[in-house]
Amino acid sequence: MSFKQSLVRARSHLIFLTGLVTAFGLVGWLEGLSVGNANTPEAIIEANADVKIAPTRPLTAQEMAWAKTAWRYFQNNTMPETGLVNSVDKYNASTLWDTSSYLMAVIAAQRLGIIDQNEFDTRIAKALDSLTKMPLFEGKLPNKSYNTISLQMVDYTNQPSEKGIGWSAIDIGRALVPLNVLAWNYPQHTASVKKVMERWDTQPMLVKGTLQGAAVTAAGKTEYLQEGRLGYEEYAAKSFNLMGLDVANALRYTDFLTFVDIDGIQVATDSRSAQQYGAHNYVVSEPYILDGVEFGWDHLSQELAWRVYKVQEKRFEDTGILTAVSEDNIDKPPYFVYNTVFTNGKIWNAITEKGEDASQFKTLSTKAAFGWHMLYETPYTQKLMDKAATLTDPERGWYSGVYEVSGEPNKALTANTNGIILETLAYKQSGKLMKLGK
């Protein structure tokens, strides 16, 4: 074979490696961010000198037991046919977000020594193989939900959908986190990651530096809408950025940044209202926790995260109500609720995905309690953990939380809660999960 023929044959691999080299530089850029100059838009976010991120350390015996309990969920819910995991206990469907939480859980379990290298490789290889086989919405990008046994595209009630129901750019951005970790830190899976990525047409999802989701109307037509609000938008954009894709606008915290004063704390929120833009501007814990444990905060997200945490601590000080809010599955209708610091013009608002009032379902979120504690380890986060530690079934995993009004546990068992718990514990032991080298 001539040199020219060899070069042509190898070009796809060279392109992929070039992308990884670009990602190397971008990771370094994220690691090296410092406080902006007075002339930059970022300067309107004044850094708080009180922010103290807790150091990494070996896990205690109790914390390791907690990690093993979280892993139990994935042992119980992995489908042998596909290697995918149910989003909710015994419910054979998964979103791409929850599949990503599973992949991050496998990475965390391997780093914590809960599973050996053989089980790690087997689980990752099976899941990646399924990602290369599942049908794509309009042949372009992953559908919002799949059956975990058949790999069929399904709707949110797990009914087969030949056309599919659209894609979520935020969920796909979440998926790029484990795919990047695998490509960089586990080279035996890099070729499989490449096969997954080669199938995806990212062009319709990224428009002029913003994230675009797709949905199907009642008339069966596909519509495209900007996706993401402050917190989630920037979190998802970071992983697209690592792939060398244009998310310049989605990355900026300041484009739609506004503040709401809650008990003297200036909490950042998104100025785009649901009435005008058709999407809610939830302020919740999860995107800031994930940004911290996966990427390591940049100077902007570190400050915004601290305020989201501190206002929850302040609510406890003022009311005696343990507060760690995020979106969660719940164990009764409407089955999914956004428990927020702020949304739709109201503080401590709890709503459904349709914006309906869900105040009676306010909960302390188990994953949020774990996240804030592993990041900060304050006297208040210890109080959160003392409560969260009771929210478990040792044979099934961690419950999603506890209801504020009744004090009863929210016994929903999910891949996302248990996956994030494993991530936060792996972070506590070894630092951020997305990093170069050891």
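Biologist: Which backbone oxygen lies 2.5 Å from a polar atom of the threonine 78 side chain?
Modeller: That of phenylalanine 74. This is a predicted model, where local features need pLDDT of at least 70, side-chain atom pairs count only at pLDDT 80 or more, and totals for chains, interfaces and linings use all residues. Residues are numbered from 1 along each chain as its sequence is written, and side-chain values use heavy atoms, with hydrogens and water left out.
Biologist: What joins the side chains of threonine 78 and arginine 123?
Modeller: A polar contact of 2.8 Å, that is, a pair of N or O atoms within 3.5 Å; within protein, one must be able to donate a hydrogen and the other to accept it, and residues adjacent in sequence count only if both atoms are side-chain atoms.
Biologist: Now tryptophan 348: buried or exposed?
Modeller: Tryptophan 348 is buried, at a relative accessible area of 11%; buried means under 20%, exposed over 50% and partly exposed in between, with a 1.4 Å probe and protein chains only.
Biologist: How far apart are tryptophan 348 and arginine 315?
Modeller: They are separated by 33 residues in sequence and by 9.5 Å in space, C-alpha to C-alpha.
Biologist: And the largest nonpolar core, how many residues has it?
Modeller: It has 122 residues, and Trp200 and Trp372 have the most contacts inside it. Such a core is a set of buried Ala, Val, Leu, Ile, Met, Phe, Trp, Tyr and Cys residues joined through side-chain atoms within 4.5 Å. Another core, of six residues, lies apart from it and includes Ile330 and Phe361.
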